[in-house]
Amino acid sequence: MDHDRVLEHIVTWVQTDTNIRVVVLTGSVALGPEHVHVLSDLDVELYVEQPATLLDHDDWYAQFGEILVVEALPNPGWHPTRLVY
């Protein structure tokens, strides 16, 4: 995965979507290039005003590339998590 290309796409996308208030990069990529392996994933947290807008529709995932599977994790409280492969 071209981490820089995907991150650039995410930044462009969130700048055009007023529902998204904050984006947080976590995981190994956030630690710097010396911590990134070619097979490293991207861990991105989105904080939004209207979560249902993103949770009820999954077509927005495709803008980042081919989607193999989306895993909806059960989370306590209101912290929905989606793993997109």
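Predicted model: local features only at pLDDT ≥ 70, side-chain atom pairs only at ≥ 80, totals over all residues.
His3 itself is placed in helix H1. With a relative accessible area of 11%, His3 counts as buried, because buried means under 20%.

Ser40 sits in the loop between helix H2 (27–31) and S2. The side chain of Ser40 reaches the backbone nitrogen of His37 at 2.8 Å. Apart from residues up to four places away in sequence, Ser40 touches Met1, His3, Ser28 and His35. Ser40 is buried, at 13% relative accessibility.

Ser28 belongs to helix H2. At 22% relative accessibility, Ser28 is partly exposed. Beyond its neighbours within four places in sequence, Ser28 is in contact with His35, Val36, Ser40 and Asp43. Between the C-alpha atoms of Ser28 and Leu42 there are 8.0 Å in space, and the two residues are 14 residues apart in sequence.

Not counting residues up to four places away in sequence, Leu42 touches Met1, His3, Val6, Leu7, Leu25 and Val29.

Which residues make up the largest nonpolar core? There are 10 of them: Val6, Ile10, Trp13, Val14, Ile20, Val29, Leu42, Leu54, Trp60 and Tyr61. Helix H1, which spans residues 3–16, gives the most to this core, with 4 residues.

Tyr61, one of the core residues, is found in the loop between H3 and strand S3 (70–73). Is Tyr61 buried or exposed? Its relative accessible area is 7%, so Tyr61 is buried. Setting aside neighbours within four places in sequence, Tyr61 is in contact with Ile67, Val70, Arg82 and Val84. Tyr61 and Tyr85 are 24 residues apart along the chain, and their C-alpha atoms are separated by 9.8 Å.

Val23, Leu25 and Val44 make a nonpolar surface patch of about 180 Å². Val23 lies in strand S1, residues 20–26. Val23 is partly exposed, with a relative accessible area of 35%.

How many salt bridges does the structure hold? It holds 1. The side chains of Glu49 and Arg21 meet in this salt bridge, with 3.2 Å from N to O. The pair links distant parts of the chain, 28 residues apart: Glu49 is in the loop between strand S2 (43–48) and helix H3 (51–55), while Arg21 is in strand S1. Side chains of opposite charge can pair when their charged atoms come close. Glu49 counts as partly exposed at 49% relative accessibility, and Arg21 is exposed at 54%.

The table lists the relative accessible area for the residues described above.

| Residue | Relative accessible area | Class |
|---|---|---|
| Tyr61 | 7% | buried |
| His3 | 11% | buried |
| Ser40 | 13% | buried |
| Ser28 | 22% | partly exposed |
| Val23 | 35% | partly exposed |
| Glu49 | 49% | partly exposed |
| Arg21 | 54% | exposed |

Definitions and conventions: Residues numbered from 1 in each chain as written. Heavy atoms only, no water. Core = buried A, V, L, I, M, F, W, Y, C linked by side-chain atoms within 4.5 Å. Buried < 20%, exposed > 50% of the residue type's maximum accessible area, 1.4 Å probe, protein only. Helix = DSSP H or I, 4+ residues; strand = E, 2+ residues; numbered from the N terminus. Contact = heavy atoms within 4.5 Å. Patch = residues over 30% accessible without salt bridge, like charges linked within 9 Å, V, L, I, M, F, W, Y side chains within 5 Å. Areas by Shrake-Rupley, 256 points an atom, 1.4 Å probe, with all protein chains shown as cover. Salt bridge = Lys/Arg side-chain N within 4 Å of Asp/Glu carboxyl O. Polar contact = N/O pair within 3.5 Å; in protein donor to acceptor, adjacent residues only side chain to side chain.
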